[in-house]
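Look over the sequence and the model before reading on. The text below goes through charged pairs and then turns to a helix.

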Amino acid sequence: MVRITRKDVRKSRKEKTMSSVAEAHDIAQRVWDTKRTGSVKASVTAIKKFIEKRLSDEYLEKRPFTYRRAETIWQGSLKRVDPEELDALRQAEIEEAWNEHRTITARLVELNAIIADADKAYHRQALAEEG
C-alpha cells in the first residue's frame with residue numbers, strides 16, 4: 001500500500017501551479033517560436049508589438065512597454081509580470097491557437113480533395129479493367 005503524506009500533497013500542489021513569470025515566458029516561447037519568426041530578435045519584436053497594442057493608454061503612460069521588457073519575457077528573466085501583460089499574452093495564445101486551427105482545417109480540406117480525386121481515378125481504373 002502506498003502512503004501519501006501531507007508533504008507529498010503540498011509538493012503536488014506546487015508542481016501544478018505555475019508562476020505568472022513562468023507562464024508568461026512559456027506562452028511567449030510557444031506563440032513566438034523562432035522556427036516561425038526566424039530569430040529571437042523577430043520574436044521579441046513581435047511580442048513587443050502585440051502586447052503594446054493591447055495595453056491601455058493609462059497603463060502605458062505609467063509604464064511604457066519597451067523592447068527590453070519584451071526581451072525579459074522571452075528570456076524568462078523578469079522579476080514579475082503585470083496582470084495586464086499576462087492577459088495580453090494569454091490572448092496571444094488563444095489567437096495563435098485559432099490561427100493554427102484555421103491552417104490545419106484548410107490543409108485537411110486540401111488533403112480530402114486529393115484523396116477524393118485519387119479514389120475516383122482508382123475506381124475508374126478498376127471499372128475499366130473489369131469491363
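Which side chain meets that of Arg 68 in a salt bridge? In this predicted model, the partner is Glu 71, with 2.9 Å from N to O. Both residues belong to helix α6, residues 67–75, where they lie three residues apart, about one turn of the helix. An α-helix has 3.6 residues a turn, so residues three or four places apart point the same way. Arg 68 is partly exposed at a relative accessible area of 46%, and Glu 71 is partly exposed at 22%.

Glu 110 counts as partly exposed at 44% relative accessibility, and Arg 107 is partly exposed at 43%. Elsewhere, salt bridges with shared partners link Glu 23, Asp 87 and Arg 90 into one network.

Arg 80 and Asp 82 also meet through their side chains, at 2.5 Å from N to O. Here Arg 80 is partly exposed, with a relative accessible area of 46%, whereas Asp 82 counts as buried at 6%, because buried means under 20%. The salt bridges number 12 in total.

Glu 23, a member of the network above, is also one of the buried residues of helix α2, together with Val 21, Ala 24, Ile 27, Ala 28 and Val 31. These residues cover an arc of only 165° around the axis, so they sit on the same side of α2. The helix itself runs over residues 20–31, 12 residues in length, and reaches 16 Å from its first C-alpha to its last, close to the 16 Å expected at 1.5 Å a residue.

Notes
Residues numbered from 1 in each chain as written. Predicted model: local features only at pLDDT ≥ 70, side-chain atom pairs only at ≥ 80, totals over all residues. Heavy atoms only, no water. Helix = DSSP H or I, 4+ residues; strand = E, 2+ residues; numbered from the N terminus. Expected span 1.5 Å × (residues − 1). Buried < 20%, exposed > 50% of the residue type's maximum accessible area, 1.4 Å probe, protein only. Arc of directions from axis to C-beta. Salt bridge = Lys/Arg side-chain N within 4 Å of Asp/Glu carboxyl O.
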